[in-house]
Amino acid sequence: MPAPTRRALLGAGALALTGAGEAAAQGTPPGTTTPAGRTVRIAMSIGDIPRLWGGPEAGLEGVRFGAHFVYDALVNWDLSSADRPSGLTPGLATAWRPEEGNRRRWIITLRRGVVFHDGTPFDADAAIWNFDSIFNREAPQFDGARAGFVRGRLPAVARAEKIDDVTIAVMTHELEGMLPYQLSFLWFVSPAHWRALGGDWARFAQNPSGTGPYKVISVTPRQRAELEANTAYWNPARIPKVPRTVLLPIPDANARVAALRAGQADVIESVPPDAIASLRAAGFPVMQNAYPHIWAWRLNHLPTSPFHDVRVRRAANLAIDREAMAALLVGSALPARGKVTPDDPWFGNPSFALRHDKAAARDLMQQAGYGPNRRCAISVIAATSGGGQILPAPMNEAIQADLREIWMDVTFQIVDFATIINLLRAGAKDPAARNAAAINVAIPSIEPATGWIIYDSQLVNPRGLNWGHYDNPAADAALRAVRAEFGAEGQAAAMRKLHEVLVDDAAGLYVVHDLNPRAFSPRVSGFVQARNWFQDYTPLALR
């Protein structure tokens with residue numbers, strides 16, 4: 001049967017302009033190929049169109065635009081509400097359950113009557129072909145780069161097999177009660193269309209075929225992707241209201257605002273906080289909402305890193321003035337007290353309180369052997385922009401100033417967002433990390449399959465996204481407890497324990513929870529900002 005909602009499980013600085021951003025800044029409309037009034041133009045904060053091959057790069061913003069528009073997973077997200085945490089809903093599967101007597105084998109019932117954009121059927125054979133494209137290195141459709149963007153989010157999956165035309169089985173490496181959440185990160189492409197394109201994934205990314213609510217008309221790298229409504233979509237309630245949608249990569253925040261004001265974009269992502277008041281005053285609606293996300297540094301826990309010492313990790317967390325950071329973000333963020341907010345049922349009761357206490361921070365640094373005559377020098381990888389990164393330059397500069405006061409000198413390795421995601425996957429041991437002590441990539445906490453298993457000691461590259469090689473037996477035990485639970489109460493209790501362990505161990509540098517502001521043209525209506533990293537743009541209408 002379908003998995004319960006998360007609520008049930010819980011128990012209750014300017015950059016160089018490129019592509020469309022440059023056109024907007026120069027006053028040139030980013031695109032003129034579709035009729036005005038019939039097209040909604042969405043300005044993304046990433047610098048390129050994510051590859052539309054069912055394994056998008058550029059983090060979860062890449063997933064938002066490079067997967068959910070064109071493809072479906074077996075299990076989709078219900079993004080219809082702004083008032084409650086998002087839960088799961090049937091996608092290409094109508095039901096899923098662990099097999100009685102063998103809970104490492106899940107029986108998945110597939111939706112009947114679904115066709116890909118090229119008109120070919122989605123069935124068990126197509127489903128297994130897609131699993132093999134990610135998990136079977138011997139399959140002709142396997143591509144290592146594409147698989148790398150997907151399999152790290154499905155670490156429990158071992159393989160899949162066909163039972164009949166509408167039923168498959170998915171086997172896991174170990175007990176995994178949260179498998180349905182992992183299945184929401186495997187998107188299904190048309191095997192027939194891939195073969196028709198000569199088995200060339202690069203050609204497929206330019207001319208894709210999925211089952212999702214949008215069909216791809218054209219892709220111009222670093223400039224635009226043009227989509228049209230899939231009027232034959234299997235879920236009539238989610239057939240897009242607007243015939244055409246254009247995705248515009250505009251990584252510079254000020255250029256996105258300029259494009260909106262100039263009428264060259266209808267929706268902009270990641271609104272800079274200092275622009276919110278002026279946009280609202282000018283009649284542009286701005287929406288924001290709490291969602292499962294934390295702006296943080298992921299720390300390098302290897303013995304060669306200063307953050308291997310819990311005293312240094314705690315000192316850094318005590319040095320940060322989170323209230324000042326929230327003020328810098330003009331009310332678009334909340335100071336962090338943990339990986340999740342204190343009202344979250346997964347918060348628990350950590351004994352280490354995240355607060356601003358420089359005296360205590362200096363005391364811990366001195367215990368660790370640092371002081372005014374022996375300073376701690378670290379390098380941190382940071383991005384210029386990207387989904388969930390908010391305002392990385394001024395925020396990192398504020399942290400740099402706070403840490404300087406506890407004898408920690410920070411230098412930054414600045415890269416673009418696509419590069420930082422690649423570095424995140426490679427891990428702290430990779431030479432490309434250049435011995436960085438931390439990497440500034442925002443962390444989701446949608447559910448345990450995403451922002452929590454990054455603390456599993458076994459899920460380092462290439463199996464997962466444990467960038468800093470975090471290794472804590474207590475965290476591993478809590479994660480095993482989460483996986484072994486198939487009931488809501490047991491899962492929630494294990495999650496509370498896990499959160500307590502991570503906060504008490506200062507596993508990351510946790511800074512603020514942002515509210516994910518978006519701004520809209522006055523002619524746009526119908527959008528519901530879900531409490532999720534992902535959003536549903538199909539209800540958008542144009543006045």
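Helices α16 (residues 473–484) and α17 (residues 488–504) have axes that come within 8 Å and cross at roughly 165°, and the two are therefore roughly antiparallel to each other, a label given to angles over 145 degrees. The axes are lines fitted to C-alpha atoms over the stretch in contact, with angles running from 0 to 180 degrees between N-to-C directions, while helices are DSSP runs of H or I with at least four residues and strands are E runs of at least two, numbered from the N terminus. The model is a predicted one, in which local features need pLDDT of at least 70 and side-chain atom pairs count only at pLDDT 80 or more, although totals for chains, interfaces and linings use all residues. Residues are numbered from 1 along each chain as its sequence is written, and side-chain values use heavy atoms, with hydrogens and water left out.

On the α16 side the contact (heavy atoms within 4.5 Å) is made by Ala474, Ala475, Ala478, Leu479, Ala481 and Val482, and on the α17 side by Gln491, Ala494, Met495, Lys497, Leu498, Val501 and Leu502. These residues divide into 11 nonpolar, 1 polar and 1 charged.

A second pair is formed by α11 (residues 310–319) and α13 (residues 358–367), whose axes come within 8 Å and cross at roughly 160°; α11 and α13 are therefore also roughly antiparallel to each other. Here Arg311, Val312, Arg314, Ala315, Leu318 and Ala319 of α11 meet Lys358, Ala360, Ala361, Leu364, Met365 and Gln367 of α13, and the residues of this contact divide into 8 nonpolar, 1 polar and 3 charged.

Leaving aside neighbours within four places in sequence, Phe122 is in contact with residues including Leu74, Leu92, Leu110, Ala127 and Phe188.

Helix α3 (residues 59–66) is mostly covered, with 8 of its 8 residues buried, where buried means under 20% relative accessible area with a 1.4 Å probe and protein chains only. The buried residues of α3 pack against β1 (39–44), β10 (244–249), α15 (417–426), β18 (443–444) and β20 (518–520). Pro251 lies in the loop between β10 and α9 (253–261), and Pro251 is buried too, with a relative accessible area of 12%.

Notes: Buried < 20%, exposed > 50% of the residue type's maximum accessible area, 1.4 Å probe, protein only. Parallel < 35°, antiparallel > 145°, perpendicular 65-115°, else oblique. Nonpolar A, V, L, I, M, F, W, Y, C, P; charged D, E, K, R; others polar.
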